[in-house]
Amino acid sequence: MTKIIGLTGGIGSGKTTVARQFESFGIPIYIADEEAKKIMELPDVIENIKTVFGNEIFDNAKLNRQILAKIVFNDKEKLQELNKIVHPKVKSHFDKWLIENKSAPIVIKETALLFETGSEMNFDSIITVTAPLAIRIQRVIERDKIDNEAVLNRINNQISDDIKIAKSNFVIHNDNLQSLTKQVKNIYNQLLN
């Protein structure tokens, strides 16, 4: 029976870096955010997004993610509407991916919105990645080329680390790469048993 592990953490915590380390042990990894971006390019999804958000978030028929992000991270109702369009498709895609990887003893789904979507009961174990707020903000500013206020808006739309930690089986503190590798290896060994 495949163990399904949820890997979560706030924006800029380093979830994907942790996921890639688990992947180096041969564990199949599903990065929900990457798959959601692909799903948002599907014609039926684009039509649904246009219906809810209008044509002004498109440049020459291409979705402008920065405009969309500015809207949804400043309006919780709009964020919920976007999630209603995208999340069911991501879940369906993950279910198919899971069937394709059913021979693996462990699989990991990396997802920012694990607790926010109420999906914690779908996992055998949950790992939360944390990092100091200043480091998280700096990582997101560098990665997404957005300002401090935009990062804080996104952070404020996520459940706090304290709540995530309380609901998790494992916690990884991502503030030092050497320590990170050691923590991942330790959790990997525990998951195998």
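1. Let's start with helix H3, residues 43–53, where Val45, Ile46, Ile49 and Phe53 are buried. Here "buried" means under 20% relative accessible area, "exposed" means over 50%, and "partly exposed" is in between (1.4 Å probe, protein chains only). Looking down the axis of H3, you'd find its buried residues within an arc of 100 degrees, so they line one face of the helix; the arc is that of the directions from the helix axis to the C-beta atoms. A handy bit of background: an α-helix has 3.6 residues a turn, so residues three or four places apart point the same way. Pro43 and Thr51 are exposed, on the face of H3 turned away from the buried side.

2. A word on what you're looking at: this is a predicted model, in which local features need pLDDT of at least 70 and side-chain atom pairs count only at pLDDT 80 or more, while totals for chains, interfaces and linings use all residues. Residues are numbered from 1 along each chain as its sequence is written, and side-chain values use heavy atoms, with hydrogens and water left out. Helices (H or I, at least four residues) and strands (E, at least two) are DSSP runs, numbered from the N terminus.

3. What covers the buried residues of H3? The cover includes helices H2 (32–39), H4 (65–72) and H5 (76–100), along with strands E3 (58–59) and E4 (62–63). Just after H3 comes Gly54, with a positive phi of about 85 degrees.

4. Now for the largest nonpolar core: it has 29 residues, and Ile49, Leu68 and Leu82 have the most contacts inside it. Such a core is a set of buried Ala, Val, Leu, Ile, Met, Phe, Trp, Tyr and Cys residues joined through side-chain atoms within 4.5 Å. H2, H3, H4 and H5 each give two or more residues to this core, and the largest share, eight residues, comes from H5. Setting aside neighbours within four places in sequence, Leu82 is in contact (heavy atoms within 4.5 Å) with Met40, Ile49, Phe53, Leu68 and Val72. Apart from this core lies another, of 19 residues, among them Leu7, Ile29, Ile31 and Tyr188.

5. Next, the sheet. Five strands form an open, parallel sheet in the order E2-E5-E1-E6-E7; two strands pair if DSSP finds at least two bridges between them. E2 (29–31) and E7 (170–173) stand at the edges with a single partner strand each, so one side of each has no neighbour in the sheet. Between E6 (residues 125–130) and E7 there are four bridges, and Val129 has Ile172 in E7 as its bridge partner.

6. Phe25 sits in the loop between H1 and E2 and Tyr188 in helix H9 (residues 177–192), so the pair ties together parts 163 residues apart in sequence. Phe25 is partly exposed at 29% relative accessible area, whereas Tyr188 is buried at 15%. For Tyr30 and Phe94, the centres are 5.0 Å apart and the planes at 70 degrees, so that pair is edge-to-face. Ring pairs also link Tyr30, Phe94 and Trp97 into a cluster.

Definitions and conventions. Rings of Phe, Tyr and Trp (its six-membered ring) pair if their centres lie within 6.5 Å; planes under 30 degrees apart count as stacked, over 60 as edge-to-face and the rest as tilted.
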